Amino acid sequence: ECVTMKEEKPLDADRLKEYLKLVFGSLGGAMTAAMIYLGDRMGLYRALAESESATSDELATRTGLSERWLREWLYQQGAAGILEHEGQGRFSLGASGRAVLADERHPAFGAGLFGSLPQQMAVLEQLPHSFQSGIGLDYDALGPDGARGIERGFAPWVRNRLVSVVLPRVEGLAERLTAGCVVADVGCGGGVALLEMAKAFPASTFHGYEISEHAIAR
């Protein structure tokens with residue numbers, strides 16, 4: 001079948017260059033996201049956070065992993081701006097990196113959201129059928145790691161901000177919870193918010209409802 005393209009003006013070289021940067025920058029971001037997933041899964045950010053900086057040899061000693069593979073990972077992360085290159089083959093995580101990628105207690109921690117990346121990419125194989133049929137996938141299509149990733153991604157913020165910052169902003173809510181009331185958390189996931197509220201307001205009764213079997217299991 002022959003497709004007739006509409007007649008277009010000659011390409012603007014500068015606009016073409018910027019568009020190529022946009023498109024392939026997205027591909028580069030996907031590759032960096034994959035490396036962040038690996039760094040989180042294998043504890044590399046936590047290992048880097050233990051000292052000011054490290055070489056691939058030092059990181060291999062700490063983790064028991066292959067120096068050659070760690071070297072490639074470090075240089076990719078440095079080139080992407082995730083790690084800071086200190087020279088002489090040394091890399092550091094930096095204060096912001098520690099908060100976002102290594103410290104699960106910090107409200108800015110976000111590495112957990114990368115935890116279900118392989119499952120998210122695998123779902124792409126199922127999406128052509130969805131585009132054809134109009135039928136989507138259920139929440140559990142990402143498997144147990146999908147529920148775990150959502151929980152790890154949002155739990156630090158919930159634990160640091162929900163009770164102390166968010167609930168007091170709703171007029172009269174904290175007082176009602178303190179006095180005792182019945183609460184329903186619809187779509188409670190693994191129950192992080194539910195448990196934080198239950199600990200903070202023991203006079204109240206909390207019920208969680210969730211359709212995800214994997215989240216309920218957690």
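Predicted model: local features only at pLDDT ≥ 70, side-chain atom pairs only at ≥ 80, totals over all residues.
**Entry 1: helix H8**

I began with H8, which covers residues 143–166. I compared its span with that of a straight helix. A straight helix of 24 residues would span 34 Å at 1.5 Å a residue, but H8 spans only 30 Å between its end C-alpha atoms. I then looked for a bend. H8 has a kink of about 45°, centred on Val158. Val158 is also among the buried residues of H8.

Next I listed the buried residues of this helix. They are Gly143, Gly146, Ala147, Gly149, Glu151, Arg152, Gly153, Ala155, Pro156, Val158 and Leu162. What covers the buried residues of H8? I found helix H1 (13–41), H10 and helix H11 (213–217) among the covering elements.

**Entry 2: Glu151**

Is Glu151 buried or exposed? Its relative accessible area is 19%, and the cut-off for buried is under 20%. Glu151 therefore counts as buried. I set aside residues up to four places away in sequence and checked what Glu151 touches. The contacts are Gly190, Val192 and Arg218. Val192 falls in H10, which runs over residues 192–200.

**Entry 3: S3, H10 and S4**

Strand S3 (residues 182–186) and strand S4 (residues 205–209) pair in the parallel sense, over 5 bridges. I checked one bridge by residue. Ala184 has His207 in S4 as its bridge partner. I then noted the handedness. S3, H10 and S4 form a right-handed β-α-β unit.

**Entry 4: Gln88**

I moved to the loop between strand S1 (84–87) and strand S2 (90–92), where Gln88 lies. Most residues other than glycine have a negative phi. Gln88 is not a glycine, yet its phi is positive, at about 60°. I also looked up its accessibility. Gln88 has a relative accessible area of 76%, so I put it down as exposed.

**Entry 5: Tyr75**

I finished with Tyr75, in helix H4 (residues 67–79). How does its accessibility class come out? Tyr75 is partly exposed, because its relative accessibility is 43%. I left aside neighbours within four places in sequence and looked for contacts. Tyr75 is in contact with Gly89 and Phe91. Tyr75 and Ser56 are 19 residues apart along the chain, and their C-alpha atoms are separated by 9.5 Å.

How values were computed
Residues numbered from 1 in each chain as written. Heavy atoms only, no water. Helix = DSSP H or I, 4+ residues; strand = E, 2+ residues; numbered from the N terminus. Buried < 20%, exposed > 50% of the residue type's maximum accessible area, 1.4 Å probe, protein only. Contact = heavy atoms within 4.5 Å. Pairing = 2+ DSSP bridges. Right-handed = clockwise from strand over helix to strand, strands pointing away. Expected span 1.5 Å × (residues − 1). Bend = angle between axes of the 7 residues up to and from the residue.
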